[in-house]
Amino acid sequence: MAAVVLTRHGGLDALEYRTDVPVPSPGPGEVLIEVHACGMNNTDVWVREGAYGSETDPQAISTWRRGRSTLTFPRIQGTDSVGRVVAVGANVPETRLGERVIIDFSLYNRDDDSLADIDYIGHGRDGGYAEYQCVPAENAHAVDTALSDAELATFCCAYLTGEHMLERAAVQPGERVLVTGASGGVGSGIVQLCRARGAIPYAMTRADKADALMDIGAEAVIDRDSADWVAAVDKATGGQPIDVVADLVAGPRFNDLLRILRPEGRYTTAGAIAGPVVELDLRTLYLKQLQLHGSSQGRRSDFARLLGYILDGKIKPLLSETYRLSDFHQAQSDFMAKDFVGKLVVIPDRHYG
């Protein structure tokens, strides 16, 4: 089969498009998926670059999970797969053959809903940048929707991450949420997910992307290039307090986000595209009695809510562009340039067009 194979940590040349990769066989409790589309995510880039650092050295070459990584090379990345079940392993009913499915990319490794020992498809095992992939049967969820395969492939990783961020911060109806990096996959997802739970999202992004964010439910848009974020947010809200900051940016202006929060406000993060090492004035944290939440992926219960939102039409796909799997280098280059709103999706060549 054709697949994009990550051969090592490094630049784009560490990714090879091959047509001689063996088609995997489903083991017990697994299904074989013919992949029709797979969305792109920041974790693909960070894992390729080994950019996760360590707890003692932020510059160390390290992958997701850091000191307990399950990544081995070669690895097929890709978390957001959509396709059809074409074979089943032992203990999986043959009635599942032919199902159209969306893949929950999380490997929970526990029977409960804990995230204490979590991994993901595309890291601990091969993912969806291929014509076929094997996944645990429980991760392949049947879907009946008029959305296209490429549209469905915009949801899983980004929206599941966003939903868990909101759940960790216990976002309630009527609360105001500031979303940084709002034009990306996770950020634009959070804007919609806030509306789905009755919260009021304020989007921080580039000024030229403001209309797109307003179209999906942002109450107002704050220009990320504003000289004074605190004043800009206060103006956008009409002086109303921000209850939660959902941050995907971090970087040198991190402390401004804590200043924006109301007393007893909550900060939640699942990314740091402007820089993971930040300056924190602990006095802001303790004098305002703030809560800080780190978040990654999501629980089974989060995915169940997400799937319900999709099927009920409460959230919509933001598909910016599709690419052939064989054009993967161009796709990831465009992804890293961030000149789009929503998601980019790759499609195996035989299903493209």
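Which residues are exposed on the other side of helix α9? The structure considered here is a predicted model, in which local features need pLDDT of at least 70 and side-chain atom pairs count only at pLDDT 80 or more, whereas totals for chains, interfaces and linings use all residues. Residues are numbered from 1 along each chain as its sequence is written, and side-chain values use heavy atoms, with hydrogens and water left out.

Helices (H or I, at least four residues) and strands (E, at least two) are DSSP runs numbered from the N terminus. Helix α9 comprises 13 residues, 300-312, and spans 18 Å from its first C-alpha to its last, close to the expected 18 Å; the expected span is 1.5 Å times one less than the number of residues. Its buried residues (under 20% relative accessible area, with exposed over 50% and partly exposed in between, for a 1.4 Å probe and protein chains only) are Asp302, Phe303, Leu306, Leu307, Tyr309 and Ile310. These residues lie on the same side of α9 because they cover an arc of only 155° around the axis, the arc being that of the directions from the helix axis to the C-beta atoms. An α-helix has 3.6 residues a turn, so residues three or four places apart point the same way. On the other side of α9, Ala304 and Asp312 are exposed. The buried residues of α9 pack against β5 (100-103), β9 (140-142), α2 (149-152), α3 (156-168) and α4 (185-196), where contact means heavy atoms within 4.5 Å. Gly313, with a positive phi near 75°, follows α9.

Asn42, Asp44, Val45, Arg48 and Glu49 of α1 make the contact with Gln332, Phe335 and Met336 of α10.

Backbone geometry was also examined. Most residues other than glycine have a negative phi, and most peptide bonds are trans. The peptide bond from Phe73 to Pro74, however, is cis, with omega near -5°. Pro74 is found in the loop between α1 and β4 (80-88). Gln297, although not a glycine, has a positive phi of about 60° and lies in the loop between β15 (291-294) and α9.
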